[in-house]
Amino acid sequence: MSGTRKFVSLGMFIIDEFTFLDVTGKPTGRTLSPQEDLFFLPSLLFQIGGAGTYANIGARIWLPAGEIGMIVDKGVDLPQEFDAALRVYGEDMWFFRAQPDAGTTRALNAYKGDHRNFQYLTPRIRITPRDLAGTTLFRPITLHFICSPTRAAVIMSQVAEVEGWHPISIYEPIPDRCIPEELSALRDVLPLISVLSPNAEEALGLLSIPLPVTKSRVELACQTFLDSGVGPGGAGWVVIRSGSMGAYVASRSHPGIWIEAYWGTEERVIDVTGAGNSFLGGLAAGLTLTNGDVFEAAFHATVSASYTVEQFALPQITRTSGDVRNEEWNGDSPWGRLQELKARCASDR
């Protein structure tokens, strides 16, 4: 049955491979903690990854598995451990699509010191709105995608092919296309997008605003995007994810505000891989739970990101329940974190 999912991501499922070198190029000898072993093959640096996966988990923190989803292209080489690990979060949220003649999409994350280089090791199997037709993921209320501006236009054209479907679209520009040469194509697609959400470095890169990132430069970038006309009639939103500074949220009709990061100290931030994706999954879930209040949804998004950055690999669901409000992630309650964050921000203001 279509139209029952509150959130679907078009992001891919990826098996991430990791190498760790110091600044001189020598192996660091990095080892895995017992917690990380839950998502790794024994003695091999492989991890469940992909923008769609992290976005889906970010939404799952707030919503039941049956209300969210994504396509998982399952190659013949998908380790059973990874298959089982995904199902822990709820089988309904994964639409497994068999790829008997292809391997599962893989990518290499090569760390040299603090610098991360990312490259695909296999051909990508891109997912489009047309792929959702005939599945339980068809016509979701909210649609998330991460891609170039040109491909975003193709995605929205396919959305328009489905009569009566007008999803909330959350667009995350792909990092390597956040360059000035892509700005014209981005401006062309902005009127079709409900929420534009680059991170701070990406926003400044698109607009040729110099680094370093500062709050005033983020606010300038946000206003520049809004002036270009985000959403139908210019009624869309911009959410710029700014790491430890938090997130800046604004629309033409709502002055911008800063939502501070949940973890304000570096010692609690272990790995930021997937944090932006999980933030946007949390944002989508928050929009559902707050009747479309983007400011309130940004608090949910921030909490989702907090669970992603505080360990290596995906957040773990440590207590399941028939009611998501009684579930725990990484041994803690998201709803408790939500109230704490709101109280902290109210006090700051």
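## Ground rules

Residues are counted from 1 along each chain as its sequence is written, and side-chain values use heavy atoms, with hydrogens and water left out. Because the model is predicted, local features need pLDDT of at least 70 and side-chain atom pairs count only at pLDDT 80 or more, while totals for chains, interfaces and linings use all residues.

Helices (H or I, at least four residues) and strands (E, at least two) are DSSP runs, numbered from the N terminus.

## The nine-strand sheet

Let's start with an open sheet of nine strands, in the order β5-β4-β1-β8-β9-β10-β11-β12-β13, with mixed pairing. Two strands count as paired if DSSP finds at least two bridges between them. The edges belong to β5 (94-99) and β13 (257-259); each has a single partner strand, so one side of each has no neighbour in the sheet. As background, strands of a sheet pair through backbone hydrogen bonds, either parallel or antiparallel.

Now zoom in on β4 (residues 68-75), which runs parallel to β1 (residues 7-9) and is joined to β1 by three bridges. You can find the partners yourself: Phe7 goes with Ile68, and Ser9 goes with Met70. β4 also runs parallel to β5, this time with six bridges, and there Val72 stands opposite Phe96. Seven of the eight residues of β4 are buried, where buried means under 20% relative accessible area, exposed means over 50%, and partly exposed is in between (1.4 Å probe, protein chains only).

Contact here means heavy atoms within 4.5 Å. Angles run from 0 to 180 degrees between N-to-C directions, with axes as lines fitted to C-alpha atoms, for helices over the stretch in contact.

How far apart are the end C-alpha atoms of α9? They are 22 Å apart, which agrees with the 22 Å that its 16 residues (294-309) should span at 1.5 Å a residue. The expected span is 1.5 Å times one less than the number of residues. Of those 16 residues, 15 are buried.

## The four-strand sheet

There is also an open sheet of four strands, with the order β3-β2-β6-β7 and mixed pairing. Its edges are β3 (46-49) and β7 (115-120), each with a single partner strand, so one side of each is left without a neighbour in the sheet. From one strand to the next, the twist averages 30 degrees.

β2 (residues 14-21) and β3 pair in the antiparallel sense over four bridges, with Phe46 in β3 as the bridge partner of Glu17. Two helices pack here. Helix α2 lies across β2 and β3, at about 65 degrees to β3, while helix α3 (residues 80-87) touches β2 and β3 and makes about 35 degrees with β3. All 10 of the 10 residues of α2 (51-60) are buried, so α2 is largely enclosed by the rest of the structure; Tyr54 and Arg60 are among them.

The loop between α6 (200-206) and α7 (215-228) holds Pro212, and the peptide bond from Leu211 to Pro212 is cis, with omega near 10 degrees. Ser208 is in the loop between α6 and α7 too. Its phi is near 60 degrees, a positive value in a residue other than glycine. Is Ser208 buried or exposed? Ser208 is exposed, with a relative accessible area of 53%.

Asn330, in the loop between β15 (328-329) and α10 (334-348), has a positive phi of about 50 degrees although it is not a glycine. At 24% relative accessibility, Asn330 counts as partly exposed.

## A region from the record

UniProt, in an unreviewed entry, lists residues 182-311 as "domain: Carbohydrate kinase PfkB". UniProt positions are given in the numbering used here, feature names are shortened, and annotations may be inferred rather than shown by experiment. In this model, residues 182-311 are 45% helix and 12% strand, with end C-alpha atoms 34 Å apart.
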